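Here is a short note for a colleague who is opening this model for the first time. Please read the points with the structure in view.

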Amino acid sequence: MLKNNRILRVLAAVMTVIMVACAFAGCSAVVQDPVVAKVGDVEILYSTFYNAFSTYAQYGIIDTSNSETAKDGRQMIMDMLVNSVVPVAEAHKIGLELTEEEANKAKENALSAANSYLSQYEDSEIEDETERREAAIKAFDEAYKANGYSFAAILADMEQQYLDEALGQRILNDHYSTIEDPTDEEIQARYDEELAADREAYEKDPSQYYNDESYYSYYGNLKPLVAPDGLYYVKHILIKNAENADEDKKDRDYKALAQEVLDKVNAGEDFEALMKEYNEDPGMDSKPDGYIVGETFENVYDEAFQKAAAALKKEGDVSGLVEGTYGIHIIKRYKDVSTDVVPLEDVKDDIKNLIMSEKKDEMYDQLMEQWKSELDVVTYDKRVQYVGVNQ
């Protein structure tokens, strides 16, 4: 399980994006904006806390349904915000500064982010680029006048946020650079450990392989090193029902269309070509080999889909029409999932990166503990005690 500090670190890493999105979404402004925390010479304002809390509550990360969970949410936001500025405060304390190149890069990133929002207000009929930008800024300022925002103010805030983020990352990177690369012996030992863990986990629950493989396909890290027996790939053609279909397809006879497609499959037409023409499951685009299925899988797929896929006993078998939650599936079984062990050489760099990432996490935790003990950290919890109440 990830350490709490690791979770806070990940959340803090997206704070710049979230705070900017919150501003453009028109989050409530406050008349008074007191300091709610100080870390060294860095102040955290009420508006920052309020907007962060509101945004995380909006996305369901914080539960505001009762006073206790809201209180826990306030503590999480306070910890996150404090941790996010500790490296900046430490950099200020030791006099660390960004190089001109680093500062310019941060400003470029801020401008690029701001321009992505400004582009929504550009009038394509204005041919002159300078005039088009000036008109967009004017339109933007007019749109957000009631919220107390202007494009110039937003850009200045974003620029400072990006500069602070770059400075905080700079001091962390300076420390990370002292970490030695793992030895071949460390890499081999970790490979053996991960392989043993995979075998044990998949023997207990083969569907865990699906979870791990899916996580790897989306986020990287380390792929499963071995697969359990009995897993295979399936592909399907989904014809959505009226409830789930696009607006222009809701009135069609989706059952008749599904039967038409099945008739083509049974007549020997190429399944892959029919998928390209008829399939309405966008998830297949990211699964070139198909979905991984096991006969013992539970709560992985829609129940009707899972049962029909598990009934396909050999490669090439095709289901009939399978009515599921989202529509009608036509499912075909493809190749088995290989049970060959992934050799060390294929994942050596991934394991090295995994070890290095963990060493950085460990150093991060140590640095945060050290820096916070040496910096003057003050939180004014009473000033935020009503955030989340009746929200």
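Predicted model: local features only at pLDDT ≥ 70, side-chain atom pairs only at ≥ 80, totals over all residues.

1. Helices (H or I, at least four residues) and strands (E, at least two) are DSSP runs, numbered from the N terminus. Residues are numbered from 1 along each chain as its sequence is written, and side-chain values use heavy atoms, with hydrogens and water left out.

2. Is Lys313 buried or exposed? Buried means under 20% relative accessible area, exposed over 50%, and partly exposed in between (1.4 Å probe, protein chains only). Lys313 counts as exposed because its relative accessibility is 55%. Its contacts (heavy atoms within 4.5 Å) include Glu295 and Arg333, not counting residues up to four places away in sequence. The side chain of Lys313 also reaches the backbone oxygen of Ala310 at 3.5 Å. That is a polar contact: a pair of N or O atoms within 3.5 Å, where within protein one must be able to donate a hydrogen and the other to accept it, and residues adjacent in sequence count only if both atoms are side-chain atoms. Lys313 and Pro206 are 107 residues apart in sequence and 18 Å apart in space, C-alpha to C-alpha.

3. Next, look at Asp198 in helix 8 (residues 184-204). Asp198 is buried yet has no salt bridge. A salt bridge is a side-chain nitrogen of Lys or Arg within 4 Å of a carboxyl oxygen of Asp or Glu. The nearest side chain of opposite charge is Arg199, 8.6 Å away. For charge, Lys and Arg count as positive and Asp and Glu as negative; His and the chain ends are not counted. What does the side chain of Asp198 reach? The backbone nitrogen of Leu225, at 2.9 Å. Asp198 touches Pro224, Leu225 and Val226, not counting residues up to four places away in sequence.

4. Salt bridges come next. How many does the structure hold? The structure holds 19. One of them joins the side chains of Lys359 and Glu186 (3.6 Å, N to O). Lys359 lies in helix 13 (residues 344-374) and Glu186 in helix 8, so this pair ties together parts that are 173 residues apart in sequence. Lys359 is partly exposed at 23% relative accessibility. Glu186 is partly exposed too, at 32%.

5. Helix 8 also holds Lys204 and Glu200, four residues apart, or about one helical turn. Lys204 forms a salt bridge with Glu200, the closest N and O atoms being 3.5 Å apart. Lys204 is exposed at 66% relative accessible area. Glu200 is partly exposed at 47%.

6. Lys235 forms a salt bridge with Glu272, with the closest N and O atoms 3.0 Å apart. Lys235 lies in strand 3 (residues 232-240) and Glu272 in helix 11 (residues 271-278), so the pair ties together parts that are 37 residues apart in sequence. Lys235 is buried, with a relative accessible area of 9%. Glu272 is partly exposed at 29%. Elsewhere, salt bridges that share partners join Glu90, Lys93 and Glu374 into one network.

7. Now the rings. Rings of Phe, Tyr and Trp (its six-membered ring) pair if their centres lie within 6.5 Å; planes under 30 degrees apart count as stacked, over 60 as edge-to-face and the rest as tilted. A search of the whole structure finds 13 aromatic pairs. Tyr46 and Tyr50 are stacked, because their ring centres are 6.1 Å apart and their planes stand at 20 degrees. Both lie in helix 3 (residues 46-58), four residues apart, about one turn of the helix. Tyr46 is buried at 16% relative accessibility.

8. The rings of Tyr291 and Phe305 are edge-to-face, because their centres are 6.3 Å apart and their planes stand at 90 degrees. Tyr291 lies in strand 4 (residues 291-293) and Phe305 in helix 12 (residues 303-310), so the pair ties together parts that are 14 residues apart in sequence. Both residues, Tyr291 and Phe305, are buried. Tyr210, Tyr291, Phe297, Tyr301 and Phe305 form one aromatic cluster.
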